[in-house]
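Q: I should like to learn how to read a structural model with care. Could we work through one feature at a time?

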Amino acid sequence: MLFALPKDKIDFKIISVNMAKFNRYLITAALPYANGPVHIGHLAGCYLPADIYVRYLRAKKADVKFIGGTDEHGVPILIKALKEGVTPQDIVDKYHKIISESLSDMGISFDIFSRTTKQIHHETAAAFFKKMYDDGLFEEKETEQFYDEVAKVFLADRYIVGTCPKCGNPGAYGDQCERCGTSLSPDDLISPRSTLSDAVPVKKKTKHWYMPLQNYEPFLKEWLLEGHKEWKNNVYGQCKSWLDSGLQSRAMTRDSEWGIKVPLPDAEGKVLYVWFDAPIGYISATKELTPHWEDYWCKEDTKLVHFIGKDNIVFHCIIFPSMLKAHGGFVLPENVPANEFLNIEGDKISTSRNWAVWVHDYVKDFPGQEDIMRYVLCATAPETKDNDFSWKDFQQRNNSELTAIYSNFVYRTMVLVHKYCNGKVPPFHMDVKDEVDDKLLSDLLESKKKIEDALENYRFREALAEVINVARLGNVFLQGKAPWTLAKMQEENQKLIDNCLHLCLQLTANLAILSNPFMPGTSKKICHMLKVVDRMLEWENAGSLKLVNTGYPMREPQYLFTNIEDDKIQEQVEKLHAGLVKPVEAAPAPEAAPVKEDIQYDDFAKLDLRVGTIIEAEKVKKADKLLKLLVDIGTEKRTVVSGIALHYSPEEIIGKQVTLVANLAPRKMKGIDSQGMILMAEDAGGKLVFVNPDVQTAPGSEVR
């Protein structure tokens, strides 16, 4: 039974649970928009790490459900349909199929991959909203929004285009200029017009329902900032920045005909905000999967983990948990291990420019080699900072790691078993066992422990590196024992040969278990060669030296990986560049403003310019462009309001040195007394840059 608390009695107390033991796991991966295919950045960001974690849990025989699906509402889908001259349903049907097949081909093993256009989701999301509404948890507000009088619809920011005031791009959107990257609002655009009719939009009043997120700040600070300091720094830091800046009410509905209808009698033409609707898709998909869905969503001994990219942190760590808390009865996420972004060949992935490696193309170009991409994306995963994928690195890792280390050990072992042991598992002779044999076991057990610890703490790169280290151990062991040398006097040395190859076969079986979360296809190939059942891949078997039985016949050796040649890589590089959509010709850089009239030296001498250091920074409420700064100028600390919020986030300018006009008369901005002005320069792309000393300088130093 689900429950909710009345509006005036929201209980922010966090119930203590023994986190050391969970009886079931619920793992989600972000719902991709069904307006285009998925690329390797999506894989590296959330789908691959989620799958690795889930496969590990399954190997441990945990009760786990892996939930995914496509997000099929929202503005991007409407825009795509508009461009292609089809219906939104046509778009989501097309891309749901492409996305689901691409992820399946790459071994992403969802228990269910659903859709937010399904009836069960519409019913679940509408009921969730209605319960919050009935409990009085929304604010009803009337605001002015842009409206297309020809198309007779309210316009989302992306439906408005115009000229960018910063770089002159005539096709800038109402939320961002994709040429210079400046964040915009429709009011900023020069000559704005509707993408639907080309009409000039007007302001018109409309009513919507807002969730007062500021009411949930005490809960979020206790649950998240105090209760989850173990979360990744990028996640914790972004959440702290949002909470320190103060939350505001956020609209949970939109004016549109595409989406989940607001379940109220006076809400004609209104749908649920896509970021209210989409995360509820995890719940509705679980409902679709199992009649016991409440066990996974409502019992406190469930561990809920969301795998996402960093652009979704605020939705999964602040908005969705606030929704779950407000509704009542649901568990909250135990962790949200968000990854940073993956770049390609040194450049940011861009679907609009077609600068991407599309998953469905990779599967077609490298059939049967899905594990290579899984390996490379995990080995270079952007776990703590943005990282880069290059085709040369892809080739190098395959050739020097997967082929030369991993495949080399397994293949040599199998060849030598067939050559010196008639293709059967040789016995192990205790009377000739030595310290090197014992060390192999202790090293294997230590590697298993390291891999477990890394996987439990979402450090997948580290875990994979240790798996390759196990293959290195095998190569070193095999090279040291050198059975091919012992075979020169095979009759006298057969026991030593047997022991070496027996342990190499056991290590090969262990590699299959330890590799399975990362490279499941490769693990199955090893099981096939060893003629063992998939049940051997259960995690409890890792570290055992009794995985293959003496006398059991092996299949013929096969290469798990082979070298990728230069021409194959060059083909991919050329394909990437050939598909690049060139940006619209940039407008010429604006001419520098003419020098102002001469002033006398005495006029300049009146200015008191000082070096300052920014020690605090936060967003100004209800002002998209303003940051409130605390600047140390040596003799005192000054509050300064600066219009740089579209260019810098608060956290990235802490410690930045600036030049401050220290004797400027105070000016009240948004109710804040601003005690000075920070000097900025504007580059050719319209970005503001600090005017500051090129070496660290004492705060308060005069600028002359």
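Q: Let us begin with the sheet of three strands: in what order do the strands lie, and what is the pairing?

A: Some conventions come first. This is a predicted model, in which local features need pLDDT of at least 70 and side-chain atom pairs count only at pLDDT 80 or more, while totals for chains, interfaces and linings use all residues. Residues are numbered from 1 along each chain as its sequence is written, and side-chain values use heavy atoms, with hydrogens and water left out. Helices (H or I, at least four residues) and strands (E, at least two) are DSSP runs, numbered from the N terminus; two strands pair if DSSP finds at least two bridges between them. Here the order is β15-β14-β16, in an open sheet with mixed pairing. At its edges stand β15 (347-348) and β16 (387-389), each of which pairs on one side only. Strand β14 (residues 342-344) runs parallel to β16 and is joined to it by three bridges, with L342 opposite N387.

Q: Which strands stand at the edges of the five-stranded sheet, and why is one side of each left without a neighbour?

A: The order in this open sheet is β19-β18-β17-β20-β23, and the pairing is antiparallel. The edge strands are β19 (637-642) and β23 (677-678); each has a single partner strand, so one of its sides has no neighbour in the sheet. Further in, β17 (residues 609-619) and β20 (residues 657-661) run antiparallel and are joined by five bridges. One of the residue pairs is V611 with T659 as its bridge partner in β20.

Q: How does one check the length of a helix, and what span should α6 have?

A: The expected span is 1.5 Å times one less than the number of residues. For the 13 residues of α6 (residues 233-245) this gives 18 Å, and the end C-alpha atoms are 18 Å apart, in agreement. Directly after α6 comes G246, with a positive phi of about 90°.

Q: Which residues of α6 are buried, and what do they pack against?

A: Buried means under 20% relative accessible area, exposed means over 50%, and partly exposed lies in between (1.4 Å probe, protein chains only). In α6 the buried residues are N234, V235, Y236, C239, S241, L243 and S245. They pack against α5 (217-226), α9 (313-327) and β17; contact means heavy atoms within 4.5 Å. A second case is α2 (residues 75-84), where I77, L78, I79 and A81 are buried and the buried residues pack against α3. G85, which follows α2, has a positive phi near 70°.

Q: Is S102 buried or exposed, and which residues does it contact beyond its neighbours in sequence?

A: S102 lies in helix α3 (residues 88-105) and is buried, since its relative accessible area is 2%. Its side chain has a polar atom 2.8 Å from the backbone oxygen of I98. Apart from neighbours within four places in sequence, S102 contacts V38, V359 and H360.

Q: Where is P263 found, and how far is it from K130?

A: P263 is in the loop between β11 (253-255) and β12 (270-272), and its 27% relative accessibility makes it partly exposed. P263 and K130 are 133 residues apart in sequence, yet their C-alpha atoms are 6.5 Å apart. Beyond four places in sequence, P263 contacts A126, F129 and K130.

Q: Which residues touch the most other members of the largest nonpolar core?

A: In soluble globular proteins, nonpolar side chains tend to be buried together. A nonpolar core is a set of buried Ala, Val, Leu, Ile, Met, Phe, Trp, Tyr and Cys residues joined through side-chain atoms within 4.5 Å. The largest one has 189 residues, of which I27, F276, F389, W391 and F394 touch the most other members. Helix α1 (residues 40-59) contributes the largest share, 13 residues. A second, separate core of 16 residues includes L627, V631, Y648 and L660.

Q: Where does the pLDDT stay under 50?

A: pLDDT is the predictor's confidence in each residue, from 0 to 100. The chain averages 90, and 94% of the residues score at least 70. Over residues 1-19, however, pLDDT stays under 50, and over residues 584-590 it is also below 50. Where pLDDT is low, the predicted coordinates should not be read in detail.

Methods
Polar contact = N/O pair within 3.5 Å; in protein donor to acceptor, adjacent residues only side chain to side chain.
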